[in-house]
Amino acid sequence: MLDAKYIRENLEAVEQRLKTRGETVDLSGFRLCDTRRRELLLESESLKALRNKVSDEISRIKDKSQAQDRITEMRDVSRRIKALDDDLKGIEEELQGYLLTIPNIPHATTPVGASEADNVEVRKWGTIPELSFIPKPHWEIGEGLDILDFERGARLTGARFTLYRGAGARLERALINFMLDLHTERHNYVEMLPPFMVNRESMTGTGQLPKFEEDLFRLDGVDYFLIPTAEVPVTNIHRGEILKASDLPIRYTAYTPCFRKEAGSYGKDTRGLIRQHQFNKVELVKFTRPDRSYQELELLLADAEKVLQLLEIPYRVVELCTGDIGFSATKTYDIEVWLPGQGTYREISSCSNFEDFQARRASIRFRENEKSKLEFVHTLNGSGLAVGRTVVAILENNQQADGTVIIPEALRPYMGGMEKIG
RNA sequence: GGAGAGAUGGCCGAGUAGGUCGAAGGCGCUCGCCUGCUAAGCGAGUAUACUGGGAAACCGGUAUCGAGGGUUCGAAUCCCUCUCUCUCCGCCA
């Protein structure tokens with residue numbers, strides 16, 4: 001959420017910068033509401049001031065019959081206040097509706113562009129393996145080794161659900177542990193294990209609601225949602241809190257499954273593990289001082305990259321353009337792994353700075369020192385990494401001519417010493 | 001699921017026959033004095049949001065005692081609904 005006062009005072013500039021996201025932005029509705037709200041507020045509050053003053057006078061009059069005319073007068077004033085406040089409530093809801101659906105302003109360094117095609121490659125790491133055979137896509141490798149069962153996954157639930165078996169299940173679990181250990185032991189994150197379903201306030205706090213409800217699985221009977229990413233519960237840990245400046249930056253990591261309806265992606269990535277309704281992810285979340293958040297974003301990105309470096313999987317980092325960054329973000333780096341089976345790079349991590357956009361929605365603040373006033377923290381997060389897609393990357397990059405898959409050395413302790421699958 | 005208790009400021013904790021309560025007191029914290037050493041004492045200060053005015057310092061208004069509604073000239077205090085926490089019973093991994 002943007003600061004209403006900031007929008008009010010920089011209307012044109014805000015509109016211009018939001019347009020770079022490629023959406024049509026019209027802030028006139030906001031403007032009308034905002035103005036109307038202040039008019040109503042002024043009127044209501046001055047009447048309340050009057051009422052308070054007269055009520056105080058009434059309280060001093062011992063013989064209440066002497067106060068009858070004032071009581072009658074205030075009865076009428078109260079009625080008018082009630083009417084004004086009813087209007088005000090409606091306007092404020094409308095205003096809130098605008099504020100909650102206006103996306104964040106892209107950072108000045110975010111490249112301007114219309115779509116994915118305009119994203120900017122920042123760097124490449126690793127060397128793409130030269131294979132002496134035609135690489136297979138991971139779903140063929142997985143089925144060949146009998147470690148991924150798409151058919152039975154679909155039987156259990158439906159399309160976009162997968163059953164892992166044997167070394168496949170073990171690989172997924174090994175990766176989760178490997179990533180968590182790396183981030184907690186070497187990168188100084190505190191491990192969290194949050195609820196996998198959250199309430200509406202939490203979803204609103206990080207920006208999934210109210211705009212993207214159709215992407216979420218909602219429970220029947222209670223107003224809870226399955227989390228689409230650990231970002232939601234982990235960022236909301238400090239919702240409504242005032243953090244100590246000396247505690248910043250706060251770094252959390254969490255493994256959770258993620259649930260997404262994938263509405264609007266029908267027919268996209270229908271095979272394999274790339275796009276599932278349920279997938280595992282290890283997430284990194286930071287709460288930082290505003291003046292440090294962009295440095296912290298680089299560090300967070302490096303922490304995520306480290307996973308792939310240790311697993312020796314080639315990847316590249318791209319900076320998303322204004323037309324491709326998410327609703328709540330000001331700046332985002334994606335890490336994309338090389339997938340030989342598909343001959344392309346695919347996203348495996350997305351690392352973003354949200355500045356105070358989520359902190360304002362969720363009211364997460366800190367105080368620089370005793371005398372200074374409260375400020376919103378900046379929140380950041382990134383995948384560290386998407387686990388299912390890491391399995392995909394390992395299967396496709398480490399596949400051998402005979403259909404077996406070499407397990408990266410760094411992962412072997414987590415696989416009971418196993419060196420290859422098959 | 002059943003029964004009961006509770007929710008007040010950074011923390012603890014007063015305050016229920018409605019008005020002088022943004023809210024006693026204590027702790028903590030900040031500044032000053034004293035003292036002079038990692039103490040005690042004394043004095044002052046110490047919420048947030050919105051909003052009006054002002055270049056600013058700041059001054060004024062309104063709201064907030066779990067949340068939302070109601071009664072009333074006026075509610076932390078009365079009524080209703082909801083949420084959460086705790087205790088006991090039941091059920092259960």
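Is the crossing of helix 7 and helix 12 left-handed or right-handed? Keep in mind as you look that this is a predicted model. Find helix 7 at residues 167-186 and helix 12 at residues 387-397. The two pack with their axes 10 Å apart, at an angle of about 110°. Angles of 65 to 115 degrees count as roughly perpendicular, so that is what helix 7 is to helix 12. And the answer to the opening question: the crossing is right-handed.

Now zoom in on who touches whom. Helix 7 brings Leu171, Glu172, Leu175, Ile176 and Met179 to the contact, while helix 12 brings Val387, Gly388, Thr390, Val391, Ile394 and Leu395. Sort these residues by class and you get 8 nonpolar, 2 polar and 1 charged.

Which part of the RNA sits by the protein? A polar side-chain atom of Arg75 lies 2.7 Å from a phosphate oxygen of RNA strand B, and one of Arg38 lies 3.3 Å from a phosphate oxygen. Ile71 uses its backbone instead: an N or O atom there is 3.4 Å from a sugar or linking oxygen.

Helix 1 (4-9), helix 3 (28-60), helix 4 (68-101) and strand 13 (365-367) each give two or more residues to this surface. Helix 3 gives the most, with 12 residues.

Methods
Residues are numbered from 1 along each chain as its sequence is written. Chains are lettered from A and ligands numbered from 1 in the order in which they are written. This is a predicted model: local features need pLDDT of at least 70, side-chain atom pairs count only at pLDDT 80 or more; totals for chains, interfaces and linings use all residues. Side-chain values use heavy atoms; hydrogens and water are left out. Axes are lines fitted to C-alpha atoms, for helices over the stretch in contact, and angles run from 0 to 180 degrees between N-to-C directions. Helices (H or I, at least four residues) and strands (E, at least two) are DSSP runs, numbered from the N terminus. Angles under 35 degrees count as roughly parallel, over 145 as roughly antiparallel, 65 to 115 as roughly perpendicular and the rest as oblique. A crossing is left-handed if the near helix is turned anticlockwise from the far one by less than a right angle, and right-handed if clockwise. Contact means heavy atoms within 4.5 Å. Ala, Val, Leu, Ile, Met, Phe, Trp, Tyr, Cys and Pro count as nonpolar, Asp, Glu, Lys and Arg as charged, and the others, Gly among them, as polar. A polar contact is a pair of N or O atoms within 3.5 Å; within protein, one must be able to donate a hydrogen and the other to accept it, and residues adjacent in sequence count only if both atoms are side-chain atoms.
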